[in-house]
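The structure is shown below.

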Amino acid sequence: MARTRTQRTATVGVTEHGNSAMLVTVASDGELLERRRIDLTDSELPTHPHHHEGSWAVGRYQNSPWAREISLTEAIELVERVRESAARGARESLETLAAAVPMPITSIAIRVCPKLPPSTEERIADNRAQTVADSVMYREALATAAEARGWSVYWYDRKRVYRDAATVVGCDDINALLLAMGRSVGPPWQAKHKLAAAAALAATDQLMR
């Protein structure tokens, strides 16, 4: 049966930091429904294998006291282990979230990814790419898990997401609205929560189409 425009649905806004992410879920009418922090990978795995272990493997930071010996082959294999763990963590986390929210989630807002070389080896070798490749890996894991659930993915630009959110909700002062949302659930309500909420609000426009 087709979904009507008046049926309430939800969207999830994401801010990521390393292998963890803040998920803020907002209803299509702007009501804040839920917030939670998730960890995407197993605790025994490194959180930045492209940037740390990959860099050590190609001789970057070799004079740093925290660097250690690792081959490029070992670094690539480690990245793949972390990628698999992140994929599993994303699937499990979104499944748990969907079960906790009292209405269908149909969209997720994730920070847009920069274009990177296609292979893990190339990403490690490229000085710019290795600094962002881990963050991109985690964002892609969440996007893939969301798409597998039938959710649409809204890629937001951090520089303009607050403006986009204000346009969607028709609000002149988006900061005041976000602060009011925070007061409705109590602390903590930090910059990462507000960014995720703004991303979710910006993405609700596609839910109502």
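Helix α1 (residues 50-57) packs against α4 at an angle of about 140 degrees, and their axes are 8 Å apart. An angle over 145 degrees would count as roughly antiparallel; α1 and α4 are therefore oblique to each other. On the α1 side the contact is made by His50, His51 and Ser55, and on the α4 side by Gln130, Thr131, Ala133, Asp134 and Met137. By class, this contact of α1 with α4 has two nonpolar, five polar and one charged residues. The model is a predicted one.

Helix α4 (residues 129-148) also packs against helix α2 (residues 72-100): the two axes come within 8 Å and cross at roughly 45 degrees. Helices α2 and α4 are therefore oblique to each other, and their crossing is right-handed. From α2, the residues that take part are Val79, Val82, Arg83, Ala86, Ala87, Ala90, Arg91 and Leu94; they meet Met137, Tyr138, Ala141, Leu142, Ala145 and Ala146 in α4. The residues of the contact of α2 with α4 divide into 12 nonpolar, no polar and two charged. Met137 of α4 takes part in the contact with α1 and in the contact with α2.

A further pair is formed by helix α5 (residues 161-169) and α6, whose axes come within 9 Å and cross at roughly 85 degrees. That angle makes α5 roughly perpendicular to α6. In α5, Tyr162, Ala165, Ala166 and Val169 meet Ile174, Leu177 and Leu178 of α6. This contact of α5 with α6 has seven nonpolar, no polar and no charged residues.

| Helix pair | Angle | Axis distance |
|---|---|---|
| α1 and α4 | about 140 degrees | 8 Å |
| α2 and α4 | roughly 45 degrees | within 8 Å |
| α5 and α6 | roughly 85 degrees | within 9 Å |

The peptide bond from Pro187 to Pro188 is cis, with omega near 0 degrees.

Helix α7 (191-207) is one of the elements that give two or more residues to the lining of the largest pocket, as are β1 (10-17) and β2 (20-27). The volume of this largest pocket is about 190 Å³. Which residues line the largest pocket? They are Thr15, Glu16, His17, Ser20, Ala21, Met22, Arg37, Arg111, Tyr156, Arg158, Lys192 and Leu195. By class, the lining of the largest pocket has five charged, four nonpolar and three polar residues.

Key. Residues numbered from 1 in each chain as written. Predicted model: local features only at pLDDT ≥ 70, side-chain atom pairs only at ≥ 80, totals over all residues. Heavy atoms only, no water. 1 Å grid on protein atoms, 1.4 Å probe; cavity = no way out; pocket = protein on both sides within 12 Å on 5 of 7 lines; lining within 4 Å. Points joined across faces, edges and corners; volume = space filled by probe spheres on them. Helix = DSSP H or I, 4+ residues; strand = E, 2+ residues; numbered from the N terminus. Nonpolar A, V, L, I, M, F, W, Y, C, P; charged D, E, K, R; others polar. Axes fitted to C-alpha atoms, helices over the stretch in contact; angles between N-to-C directions. Parallel < 35°, antiparallel > 145°, perpendicular 65-115°, else oblique. Left-handed = near helix turned anticlockwise from the far one by under 90°. Contact = heavy atoms within 4.5 Å.
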